[in-house]
Amino acid sequence: MTVHKYIATPSRTKEILNKYNFSFKKSLGQNFLVDSNILENIIRHAGITKDVGVIEIGPGIGALTEQLAIHAKKVLAFEIDQRLLPVLADTLRPYNNIEIVHQDILKADVKELIAAHFPAEETVQLVANLPYYITTPILMKLLKDRLPIESFTVMIQKEVADRMAARPNSKSYGSLSLAVQYYTEAEVVMHVPKSVFMPQPNVDSSILKLVTRKVPPVEVDNEAYFFSFIQACFAQRRKTLRNNLANFFRANLIKDEITSILNQVGIDGTRRGESLSIEEFAAAANAFYRTISE
Ligand code: SAM
């Protein structure tokens with residue numbers, strides 16, 4: 001009798017890589033997980049149960065996919081690298097609740113695929129060890145598309161996870177924190193050592209959990225304007241709001257007008273962007289939007 005050994009061990013991973021003569025593509029962010037404890041932690045933090053449908057991005061040779069298949073109802077996994085398709089067909093053969101989609105996640109119609117693969121009433125969660133070179137574009141695309149995904153539990157670079165979950169008055173707080181937290185409640189749930197990957201990446205990693213908000217935490221008149229206003233406030237981090245905004249509005253408003261609009265919503269123009277809460281950014285962006293649109 002052969003004892004089934006999980007994919008996420010250094011020895012089984014090496015065996016699979018050798019069998020297929022697989023060479024890692026750095027350009028695709030291929031750092032595979034070889035530690036079953038980390039996988040347990042990811043699954044536990046994601047809150048996966050047998051009622052849940054899961055979307056995975058980048059199954060690799062199937063280390064995380066296998067654990068998801070064991071704990072979830074069904075897994076839909078997007079893999080861009082054609083060379084991995086025969087490998088996955090082999091390593092995931094014991095599981096009948098996995099579908100691999102050979103597509104670039106940035107180009108895929110994820111909404112359509114969710115509708116086609118999961119019943120409308122089913123909870124769908126996203127769990128992934130993301131390719132680090134496109135962490136932010138992937139997450140921002142999926143959040144902006146307002147997909148029916150309840151939560152995102154992702155392994156990403158520590159520095160990016162810190163920025164996404166940062167609170168006001170911290171070094172990591174910026175436009176990315178606000179963009180992510182407009183759509184979700186964000187929390188770094190665990191730091192992860194490099195040693196759990198093969199090959200080891202150059203950067204430290206964290207597991208980030210994003211829980212999708214049903215409604216945004218603030219009401220904004222115009223979302224695109226709100227986000228560009230925030231970016232303007234962080235254009236030069238060390239500059240005051242008044243100075244960053246004077247640059248942003250140079251064709252429309254003078255500094256005194258900027259100070260006065262900020263005062264109307266109770267914000268001192270000598271503050272820096274990093275001290276403003278999302279509520280303050282919304283109040284300020286709405287006030288400027290209304291003035292400019294008059
Ligand atoms: N899930 C596996 C694991 O944890 O061992 C592999 C994770 S590895 C960090 C990232 C995976 O994403 C690779 O398999 C890579 O080929 C795939 N990938 C890279 N860019 C992608 C894209 N645009 N769309 C879908 N998959 C992508």
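In this predicted model, a side-chain N or O atom of Glu-56 lies 3.2 Å from a nitrogen atom of the ligand; a polar contact here is a pair of N or O atoms within 3.5 Å, where a pair within protein must also join an atom able to donate a hydrogen to one able to accept it, and residues adjacent in sequence count only if both atoms are side-chain atoms. The backbone takes part as well: an N or O atom of Pro-59 is 3.5 Å from a nitrogen atom of the ligand, and an N or O atom of Gly-60 is 3.3 Å from an oxygen atom of the ligand. On its own the ligand has 600 Å² of accessible area, of which the protein covers 99% (Shrake-Rupley method with a 1.4 Å probe; for residues, only the protein chains shown count as cover). Around the ligand stand 24 residues, and Leu-33, Gly-58, Glu-79, Asp-104 and Asn-129 come nearest (a residue is near a molecule or strand if one of its heavy atoms lies within 4 Å of it).

Residues are numbered from 1 along each chain as its sequence is written. Local features need pLDDT of at least 70 and side-chain atom pairs count only at pLDDT 80 or more, while totals for chains, interfaces and linings use all residues; side-chain values use heavy atoms, leaving out hydrogens and water.

The next subject is the sheet. Seven strands form an open sheet with mixed pairing, in the order S4-S3-S2-S5-S6-S9-S7. Helices (H or I, at least four residues) and strands (E, at least two) are DSSP runs numbered from the N terminus, and two strands pair if DSSP finds at least two bridges between them. Strand S4 (98-101) and strand S7 (184-192) are the edge strands, each pairing on one side only. From one strand to the next, the twist averages 20° (axes are lines fitted to C-alpha atoms, for helices over the stretch in contact, and angles run from 0 to 180 degrees between N-to-C directions). Strands S2 (residues 53-57) and S5 (residues 124-129) run parallel and are joined by three bridges; in one part of this pairing, Val-54 has Gln-125 of S5 as its bridge partner.

Helices accompany these strands. Helix H6 (residues 135-144) packs on the sheet and touches S2, S5, strand S6 (151-157), S7 and strand S9 (205-212), its direction making about 165° with that of S6. Helix H5 (residues 110-117) lies across S2, strand S3 (74-78), S4 and S5, and runs at about 155° to S3.

Two backbone details lie in loops. Arg-146, in the loop between H6 and S6, has phi near 45°, a positive value in a residue other than glycine. Pro-199 lies in the loop between strand S8 (197-198) and S9, and the peptide bond from Met-198 to Pro-199 is cis, with omega near -15°.

Finally, the chain is divided into domain 1 (10-212) and domain 2 (223-293), with bounds from an automatic or database domain assignment. Their C-alpha centres lie 36 Å apart, and the contact takes 13 residues from domain 1 and 14 residues from domain 2 (contact means heavy atoms within 4.5 Å). Ser-275 is found in the loop between helix H11 (255-264) and helix H12 (278-293). Leaving aside neighbours within four places in sequence, Ser-275 is in contact with Pro-168, Asn-169 and Glu-280.
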